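Here are some notes to read alongside the model.

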Amino acid sequence: MTRKLGYLALPLLMAATLTTEARADGETIAVFTKNQTNPFFQTVRVGADNMAKTLNAKTLQYIPTKPDSIPEQLSQIEDVVVKKPSAIVFTPVDYKAMVPGVEKINEAKIPVVNITDRSAGGKFLSFVGADDYSLGLETARFLLKTLGGKGNIVIIEGVKGSLTNVDRVRGFNDALKETPGAKLLASQPGNYQRLQALQVMENLMQSNSQIDGVLAANDAMAVGAIEALDGANRKAQVIGINGTKEAIDAIKSGKLLASGDYNGFAQGCLGTMMAIRSLRNQPVINEIVLKPTVITKDNYQPFDVPLEQRTCPTFEDAGKLGAK
């Protein structure tokens with residue numbers, strides 16, 4: 001992971017100060033997220049709204065009505081190119097398939113920041129995301145340590161081929177390789193959806209009489225797995241990733257063992273901050289990869305705050321959040 005600071009030369013900084021004073025606020029930032037069904041993206045949107053309000057800008061949210069729909073997000077890009085917002089904060093529904101859409105945004109000369117899923121192409125002011133591999137590795141290590149380094153394990157994957165899923169599942173599998181006493185029974189996709197994960201878990205329980213641990217690639221699927229376990233009156237330790245409110249509530253109640261903090265609120269805040277700072281000719285950080293944190297019953301308290309009451313990081317904090 002690299003972190004780069006784009007500092008401007010002094011004469012340009014002086015000019016930027018004058019420019020900032022002349023156009024201090026009122027920008028419109030279009031925020032693209034992948035769906036309305038995954039609570040993680042709600043935290044991203046609230047973070048973006050929070051930062052825009054703090055900086056006297058406004059947001060325009062673009063959300064596919066069908067989760068992760070490539071045709072729908074491409075159509076939304078056609079719309080945003082016509083409306084020409086001041087800048088765009090963009091999460092691709094598919095990191096490869098949306099590259100032509102990003103290129104259309106580039107051709108329209110609308111500044112764009114990439115958050116969450118790193119695009120395979122196109123030009124961006126900045127990238128803000130988290131280390132999916134480390135999140136998968138550390139949350140899996142925590143579950144396996146809790147199980148005493150042994151037991152029957154299943155993995156519920158996200159969307160096959162998506163970067164977040166590839167890296168998270170790679171982290172899960174590397175933690176399993178470190179733990180010879182644990183046995184992987186199955187690794188099946190739940191497509192990051194709660195209902196699909198519930199159905200996958202029901203099927204896995206029918207074919208496996210003993211499941212001790214569930215590694216779910218996001219919180220929504222972890223909650224679906226817990227519902228399936230409850231429905232069958234069976235017990236297993238379950239972890240998820242994203243640190244959503246429903247995950248925190250499940251950790252508090254003892255239903256969920258842990259969640260890797262993907263920090264969607266900070267991603268929304270920082271992506272919007274970088275877009276607005278660029279418009280105001282202020283320095284931006286070219287890349288911020290947030291450090292992994294495993295949220296458990298012992299440290300959940302700072303995360304147990306309503307989204308609307310959270311405060312976005314400052315620019316000074318942003319550099320520290322992405323530092324190794």
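How many bridges join strand β6 to β13, and do these strands run parallel or antiparallel? The model is a predicted one, in which local features need pLDDT of at least 70 and side-chain atom pairs count only at pLDDT 80 or more, while totals for chains, interfaces and linings use all residues. Residues are numbered from 1 along each chain as its sequence is written, and side-chain values use heavy atoms, with hydrogens and water left out.

1. To the opening question: β6 (residues 127-130) and β13 are joined by 4 bridges and run parallel. Within this pair, F127 has E287 of β13 opposite it. Helices (H or I, at least four residues) and strands (E, at least two) are DSSP runs numbered from the N terminus, and two strands pair if DSSP finds at least two bridges between them.

2. These strands belong to an open sheet of 6 strands, ordered β3-β2-β4-β5-β6-β13, with parallel pairing. At its edges are β3 (58-62) and β13 (287-290), each of which pairs on one side only. From one strand to the next, the twist averages 15°. Helix α3 packs on this sheet and touches β2 (28-32), β3 and β4 (87-90), its direction making about 175° with that of β2. Contact here means heavy atoms within 4.5 Å.

3. Further into the order, β4 and β5 run parallel and are joined by 3 bridges; V89 has V113 as its bridge partner in β5. Strand β5 (residues 112-115) is covered on both faces, with V112 and N114 buried on one side and V113 and I115 buried on the other. Buried means under 20% relative accessible area, exposed over 50% and partly exposed in between, using a 1.4 Å probe and protein chains only.

4. Please also look at V289, which is found in β13. This residue counts as buried because its relative accessibility is 11%. Its C-alpha atom is separated by 31 Å from that of L198, 91 residues apart along the chain.

5. Helix α3 (residues 70-83) also packs with helix α4 (residues 99-107), at an angle of about 0° and with axes 10 Å apart. The two are therefore roughly parallel to each other. Their contact involves L74, I77, E78 and V81 from α3, and G101, V102, K104 and I105 from α4. Axes are lines fitted to C-alpha atoms, for helices over the stretch in contact, and angles run from 0 to 180 degrees between N-to-C directions; those under 35 degrees count as roughly parallel, over 145 as roughly antiparallel, 65 to 115 as roughly perpendicular and the rest as oblique.

6. A further open sheet has 6 strands in the order β8-β7-β9-β10-β11-β14, with mixed pairing. Its edge strands are β8 (182-189) and β14 (294-295). Strands β9 (residues 213-216) and β10 (residues 237-241) run parallel through 3 bridges, with V214 opposite V238.

7. Which residues have the most contacts inside the largest nonpolar core? They are M201, V214, L215 and M274, in a core of 83 residues. Helix α10 (residues 264-279) gives the most to this core, with 9 residues. A second, separate core has 14 residues, including A30, F32, I110 and V112. A nonpolar core is a set of buried Ala, Val, Leu, Ile, Met, Phe, Trp, Tyr and Cys residues joined through side-chain atoms within 4.5 Å.
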